[in-house]
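Hello,

Here is the structure we talked about handing over. Please have a look at it first, then read my notes below.

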Amino acid sequence: MFDVLFIGSGQGAWNGAIPMSKAGLKVAVVEEGLFGGVCSNRGCNAKITLDKPVELVRTIEQLQGRGFDSVPKINWPDLMAHKHEVIGKLAESNKQKLIDAGVKVIVGHGTLVDAKTVQVGDKNYQAKKIVLVLGQHPHRLDIPGKEYLHDSTDFLSISQMPKQLTIIGAGYVGMEFASIANAVGASVNVILNSHTPLRGFYQPYVQRLVENLRGRGVKFFYDQELTKVVKTESGFKLHGPNQFELTSDYIVDASGRIPSLTNTGLEEVGITTNKNGIEVDDHMQTNVPGIYATGDVVDKTQPKITPTAIFESQYLAQLFTGETTDAINYPTIATTVFSSPRISQVGINPDVAVKSPDKYTIEHFEYADDWFKQVQNEIDGGLTLVFDQNHILVGAVEYSNEAVDAINGLLDIIELRLTHEQVQRFIYTFPSVQHSYFRKI
């Protein structure tokens, strides 16, 4: 019998499985696909690899006439080959890390039989504790012609960039793919079923991003409910109400991601779920004693992103090895849209803070006159800070090419609730993102 058995090998698994095994627990990980989960193999790592040349090209564009006199073109087949080179070896590397740490690797589809038994193929495995790391999968529109739609996995491995690309949805995936495809040279359409791209992100900066992409040729179609997709001789035609029609060579269904709750025995064992995922308590345990869950499959208010899953998995390692008995205490979590430019935020969203002026003050900084941004002619950007009534920084959002670095630097200040005097004790390298931004606090 194993002490702990994970179903799934994503970030919510191996970040906990390895320290558990090293601490002396008998641990197993069941995986039917690529080890490391979506992020490592079919998600953020691949996206970041494909986005890197976009980031560089956008900077060179800003410096035309300021040191550069031409803009290089992105060679998509070469870039895709590089992505395969970088990403293709991660699954085996993740698997080997588990093996090297003494974790038992079981290849196959895991199904719950009862609270202590998991079936893989024709064999049953017993465990004192079971952790469900089932993740999410792409939502697919249920309309005539849905077989012509592609998901994020398909796009991240497409061999040739289509001339006309249509993206259904304007969340993380939709806006990031729109930025990449537009930079490579595709004619990009983005279709929304609402009027709010990137819900949950600071909307003034979201609208600036939309206008930036529009200026580059991306077309946005709001409040459209697609009714069908028809294959034509030259490509595909999308139809919607009020005689809406749009032609495209390639269609990406980025209408969302949903928890993977089927075909794993959850219902048979009696685990409580809802449309948002598996319900857990403050120790990550489901309603069935001894069965836990981590990662994107969990119903939670915290962002469903890789760093959250890692934190949860590491928490279970501490819990199962006796390092703690406390409930999980989530830290401040930063989130980023890897669009061009980026939007990154942490803590209290200014959209929320503005509704409580008695609790928060908001300060805005534009980059059009910031010398540090003028160095690379980045003038379409800004930083918005949220302070409580004691002038403690509690939230920040940035719209810029360097938003990730800026917000990561501010995260520590928010998490530790540092005062103005304490922040002024930090002396950073000049010039640097940290030096520039911390002078604003």
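**Salt bridges**

Lys373 forms a salt bridge with Glu378, with the closest N and O atoms 3.5 Å apart. A salt bridge here is a side-chain nitrogen of Lys or Arg within 4 Å of a carboxyl oxygen of Asp or Glu. Lys373 is buried, at a relative accessible area of 2%. Glu378 is buried too, with a relative accessible area of 2%. The cut-offs: buried is under 20% relative accessible area, exposed is over 50%, and partly exposed is in between (1.4 Å probe, protein chains only).

Before going on, a word on the source. This is a predicted model, where local features need pLDDT of at least 70, side-chain atom pairs count only at pLDDT 80 or more, and totals for chains, interfaces and linings use all residues. Residues are numbered from 1 along each chain as its sequence is written, and side-chain values use heavy atoms, with hydrogens and water left out.

How many salt bridges does a search of the whole structure find? The count is 18. Salt bridges with shared partners join Asp51, Lys52, Glu55 and Arg342 into one network.

Helices (H or I, at least four residues) and strands (E, at least two) are DSSP runs, numbered from the N terminus. Lys52 is partly exposed, at 42% relative accessibility. Glu55 is partly exposed as well, at 25%.

Glu55 also has a salt bridge with Arg342, where the closest N and O atoms are 3.5 Å apart. Arg342 lies in strand 20 (residues 342-347) and Glu55 in helix 3, so this pair ties together parts that are 287 residues apart in sequence. Is Arg342 buried or exposed? Arg342 is buried, with a relative accessible area of 6%.

**Aromatic rings**

The whole-structure search finds 14 aromatic pairs. Rings of Phe, Tyr and Trp (its six-membered ring) pair if their centres lie within 6.5 Å; planes under 30 degrees apart count as stacked, over 60 as edge-to-face, and the rest as tilted.

One of the pairs is Phe221 with Phe244: the ring centres are 5.6 Å apart and the planes are at 70°, so the pair is edge-to-face. Phe221 lies in strand 10 (residues 219-221) and Phe244 in strand 13 (residues 244-248), so the pair ties together parts 23 residues apart in sequence. Phe221 is partly exposed at 22%, whereas Phe244 is buried at 10%.

Phe426 and Tyr428 have ring centres 6.0 Å apart and planes at 80°, so this pair is edge-to-face. Phe426 is partly exposed, with a relative accessible area of 28%. Tyr428 is partly exposed, at 32%.

Ring pairs also link Trp76, Phe155 and Phe177 into a cluster.

**Charges over rings**

The charged end of Lys26 sits over the ring of Phe2, 5.2 Å from the ring centre. The rule is that NZ of Lys or CZ of Arg is within 6 Å of the ring centre and within 35 degrees of the ring normal. Lys129 lies over the face of Phe320, at 5.3 Å from the ring centre.

Best wishes
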